[in-house]
Amino acid sequence: EVELRVDLLFNLPLFFLEFFLLFKSFSVSQEDVAEAIISEVKRKKAKYSSFVSKLYIIWFYFLARLYYIKYFGILKNGKYDVLCLWGGYNAFQRMAILAAKKLNIKVYHFENGSLPNTTVMDNKGTNYNNSVPRDRSFYSNIEINFTPAPLVPRDTLSAKPATILPQRYIFCPFQVELDNQILINSPWITNMFQFYEVIEELAKHAPEDCFFVIKAHPNCKQDYSELYKKNNPKIVFANNNSTEDLIKNADFIITINSTVGIEGIMKNKKV
């Protein structure tokens with residue numbers, strides 16, 4: 001029988017002593033702080049002007065160091081063996097991870113799984129940073145024998161009628177505009193407007209009877225009106241159609257960090 005004690009550390013930005021101990025944060029390198037705040041930096045650059053985003057970056061550099069002192073102070077007393085985080089991408093979580101690693105405390109990341117009603121736990125990270133093997137043979141050697149289950153529909157933003165689709169199409173689901181994985185880990189496509197440009201280029205080389213169908217992410221509030229106005233005859237937006245139907249009737253699927261990729265494989269589609 002193992003007795004565990006669990007403490008919840010809330011992300012409360014209350015700084016008193018930390019202001020006077022700021023010099024202690026310099027045991028963390030400038031590079032470590034820059035890596036910790038990269039998500040916030042890219043998010044602000046995507047949303048604000050150059051001047052405003054620079055002010056935010058200076059503020060985050062300062063704030064991140066205060067969080068490091070706070071978490072180091074909480075964790076250093078020797079009563080913690082493990083630090084558990086949901087996600088672990090925001091700057092303040094990453095400063096907690098730096099403090100934990102400095103103290104040789106194990107770190108575990110939790111995140112929603114790729115399938116409904118599942119959770120993943122990983123001691124390396126989540127999404128791109130996880131410990132899932134990168135070797136193709138690992139997956140090729142797994143024997144798969146299952147009956148695909150119905151997909152769980154996401155909440156939609158409107159109740160407008162579904163778009164009538166072409167007979168042949170490639171399904172290209174959009175991701176949330178400020179998705180952390182794309183902001184931090186995508187060196188090529190950094191937002192959905194760039195993704196659209198790639199689709200436009202592909203459309204030039206597609207057979208005459210093959211179209212591209214895009215669905216904006218149901219939880220994304222980004223305005224894509226300038227893309228709608230392009231009226232590219234080879235590209236169709238189907239924001240009100242069922243994702244399951246879009247997958248089922250597609251020739252194949254092109255995704256960028258989307259659960260639709262997993263769902264497509266479950267429906268025996270090429271992804």
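A: Begin with burial: a residue is called buried under 20% relative accessible area, exposed over 50%, and partly exposed in between, with a 1.4 Å probe and protein chains only. This is a predicted model, in which local features need pLDDT of at least 70, side-chain atom pairs count only at pLDDT 80 or more, and totals for chains, interfaces and linings use all residues. Residues are numbered from 1 along each chain as its sequence is written, and side-chain values use heavy atoms, with hydrogens and water left out.

Q: Is Glu 35 buried, exposed or partly exposed?
A: Glu 35 has 49% relative accessibility, so Glu 35 counts as partly exposed. Arg 94, at 15%, counts as buried.

Q: What is a salt bridge, and with which residue does Arg 94 form one?
A: Side chains of opposite charge can pair when their charged atoms come close. The term is used here for a side-chain nitrogen of Lys or Arg within 4 Å of a carboxyl oxygen of Asp or Glu. Arg 94 pairs with Glu 35, and their closest N and O atoms are 3.7 Å apart. The pair links distant parts of the chain, since Arg 94 is in helix H5 and Glu 35 in helix H2, 59 residues apart. Helices (H or I, at least four residues) and strands (E, at least two) are DSSP runs, numbered from the N terminus.

Q: How many salt bridges are there in the whole structure, and which residues are linked in a network?
A: A search of the whole structure gives 7 salt bridges. Arg 168, Asp 209 and Asp 251 are linked in a network of them. Asp 251 lies in the loop between helix H10 (243-248) and E7, so its pairing with Arg 168 joins parts that are 83 residues apart in sequence. Arg 168 is partly exposed at 31%, Asp 209 at 42% and Asp 251 at 31%.

Q: How do I read a nonpolar core, and which residues have the most contacts inside the largest one?
A: In soluble globular proteins, nonpolar side chains tend to be buried together. A nonpolar core is a set of buried Ala, Val, Leu, Ile, Met, Phe, Trp, Tyr and Cys residues joined through side-chain atoms within 4.5 Å. The largest has 27 residues, and Tyr 67, Leu 83 and Met 95 have the most contacts inside it. Helix H2 (30-36), helix H4 (50-75), strand E1 (82-86) and helix H5 (91-102) each supply at least two residues of this core. H4 gives the largest share, 9 residues. A second, separate core has 23 residues, among them Ala 206, Cys 210, Phe 212 and Leu 227.

Q: Where is Ile 254, and which residues does Ile 254 touch?
A: Contact means heavy atoms within 4.5 Å. Ile 254 is in the loop between strand E7 (252-253) and helix H11 (259-266). Not counting residues up to four places away in sequence, Ile 254 touches Ile 170, Phe 171, Cys 172, Pro 173, Phe 195, Leu 202 and Phe 212. Its relative accessible area is 23%, so Ile 254 is partly exposed.
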